[in-house]
Amino acid sequence: MRIVSAHEGVIPISSPMSNAFIDFSTMDCSVLALVSDVIVEGRPLVGYGFNSNGRYSAGEILRRRILPRLLDAPPESLLDANHMLSPGKAWDVMMRNEKPGGHGERSVAVGVVDMALHDLAAKIAGVPLYRWISDHYGDGSPEDSVFVYAAGGYYAPGKTLQQLQDEMKAFLDAGYEVVKMKIGGASPAEDLRRIEAVIEVLDGDGSRLAVDVNGRFDLPTALEYGRALDPYNLFWYEEVGDPLDYGLNATLAEHYRNPIATGENLFSLPDARNLIRYGGLRPDRDYLQFDPALSYGLVEYCRIQDMLKQHGWSSRRCIPHGGHQFSLHIAAALKLGGNESYPGEFQPTGGFADDTVVSGSRVKLNDLPGIGFEGKANFYRVLRDLHR
Ligand SMILES: [Mg+2]
């Protein structure tokens with residue numbers, strides 16, 4: 001088995017919305033097709049990947065370093081002892097001659113290829129990816145559904161409280177029981193009005209609402225908001241300060257009683273380990289949001305899971321960022337706590353297969369081979385056009 005060609009592209013996933021830190025008017029995304037020499041029903045099997053939602057494309061690194069290494073490697077160096085495609089061995093090839101640290105967009109580029117390699121490996125095996133992951137990295141008994149929450153509640157020009165409430169009602173009508181909104185991009189008084197408006201839609205139950213600061217607050221603001229938020233018993237208070245400010249996080253955890261979530265902008269095992277060592281997070285209540293697509297892929301994510309186990313953390317405390325199908329498979333196979341979902345944002349990459357039904361805030365995995373992008377028509381058209 002060998003990879004015959006790689007086809008990389010960049011697509012816009014722009015939108016008029018913003019969070020507390022950025023707007024999404026120029027957001028884009030790397031997409032990738034890896035064409036193999038394995039022919040099924042007259043066509044080569046192709047693995048697809050993209051770089052999650054919310055970080056920019058990484059085409060330059062893909063084109064100049066990561067893909068040439070993969071394509072120039074002897075084909076057998078990418079195979080395991082059974083002569084099957086090994087994403088783990090491919091990872092070593094892609095990372096040859098890369099210094100440690102300073103992960104930046106490099107981890108995003110490797111994550112795109114890692115996703116495509118896993119898609120391809122599962123297609124060659126003829127099984128959905130969650131089954132492949134469970135057999136290769138898990139305990140062989142994947143779960144058949146995954147908890148999901150609906151992420152939205154962005155700021156947008158002229159957006160009213162009524163519109164925010166309608167957005168959240170639509171999430172509930174679609175089968176979600178937990179929702180998330182952005183905070184930190186308005187005054188505290190305005191944000192509290194927005195929070196109370198959403199809790200009203202949730203029948204007064206703050207434990208079904210997560211709020212996301214996107215790393216905006218300094219320590220005094222983090223603590224001030226924390227004092228105001230604690231009485232609502234929120235689902236979580238997310239990425240409150242700079243993602244790399246573990247001291248801020250530790251101090252917040254001393255004062256804020258309810259769950260904290262963070263980690264979507266930590267892109268490596270060493271960064272994740274520093275968060276666990278120095279971030280003051282509590283394994284009995286807090287959540288970790290590392291996104292495999294942004295952080296060197298599933299090969300590195302498995303290393304992060306091993307590290308968490310050593311530190312006494314359950315995989316159930318992990319609910320990845322990104323709202324993509326790759327993490328949905330990973331969550332089912334590795335028994336994570338769930339996965340993010342973007343029901344309305346980041347098209348065509350955001351969201352799951354077209355026939356996905358959300359019920360009781362859970363989604364079932366479908367049985368298409370690989371990740372199943374073929375079941376998401378708008379996105380599949382984009383991916384297929386890369387190599388046809
Ligand atoms: Mg977030």
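**A guided reading of the predicted model**

Methionine 84 lies in the loop between α1 (59–72) and α2 (87–94), where helices (H or I, at least four residues) and strands (E, at least two) are DSSP runs, numbered from the N terminus. This is a predicted model, in which local features need pLDDT of at least 70 and side-chain atom pairs count only at pLDDT 80 or more, while totals for chains, interfaces and linings use all residues. Residues are numbered from 1 along each chain as its sequence is written, and side-chain values use heavy atoms, with hydrogens and water left out.

With a relative accessibility of 35%, methionine 84 counts as partly exposed; here buried means under 20% relative accessible area, exposed means over 50%, and partly exposed lies in between, with a 1.4 Å probe and protein chains only. Methionine 84 and proline 188 are separated by 104 residues in sequence and, from C-alpha to C-alpha, by 55 Å in space. Aspartate 166 is partly exposed, its relative accessible area being 37%.

Turning to charged side chains, a search of the whole structure finds 22 salt bridges, a salt bridge being a side-chain nitrogen of Lys or Arg within 4 Å of a carboxyl oxygen of Asp or Glu. One of them joins the side chains of arginine 63 and glutamate 8, at 2.9 Å from N to O. That pair links distant parts of the chain, since arginine 63 belongs to helix α1 and glutamate 8 to strand β1, 55 residues apart. Arginine 63 counts as partly exposed, at 46% relative accessibility.

Helix α1 also supplies arginine 69, whose side chain meets that of glutamate 98 in a salt bridge of 3.0 Å, N to O. This pair, too, links distant parts of the chain, with glutamate 98 in the loop between α2 and α3 (106–125), 29 residues from arginine 69. Glutamate 98 has a relative accessible area of 16% and is therefore buried. The side chain of glutamate 98 forms a salt bridge with that of arginine 106 as well, at 2.8 Å from N to O, and both glutamate 98 and arginine 106 are buried. Elsewhere, salt bridges that share partners join Lys180, Lys182, Asp212, Glu238 and Glu340 into one network.

Next comes the packing of helices. Two packed helices are described by the angle between their axes and the distance between the axes. The axes of helix α9 (residues 269–278) and helix α10 (residues 297–310) come within 9 Å and cross at roughly 25°, where axes are lines fitted to C-alpha atoms, for helices over the stretch in contact, and angles run from 0 to 180 degrees between N-to-C directions. That angle makes α9 roughly parallel to α10, as angles under 35 degrees count as roughly parallel, over 145 as roughly antiparallel, 65 to 115 as roughly perpendicular and the rest as oblique. The crossing of α9 and α10 is right-handed; a crossing is right-handed if the near helix is turned clockwise from the far one by less than a right angle, and left-handed if anticlockwise. For helix α4 (residues 129–137) and helix α11 (residues 325–334), the axes come within 8 Å and cross at roughly 45°, and α4 and α11 are therefore oblique to each other.

The backbone remains. Most residues other than glycine have a negative phi, and most peptide bonds are trans. Serine 52, in the loop between β3 (43–50) and α1, has a positive phi of about 65° although it is not a glycine, and serine 52 is buried with a relative accessible area of 0%. The peptide bond from glutamine 347 to proline 348 is cis, with omega near 10°.
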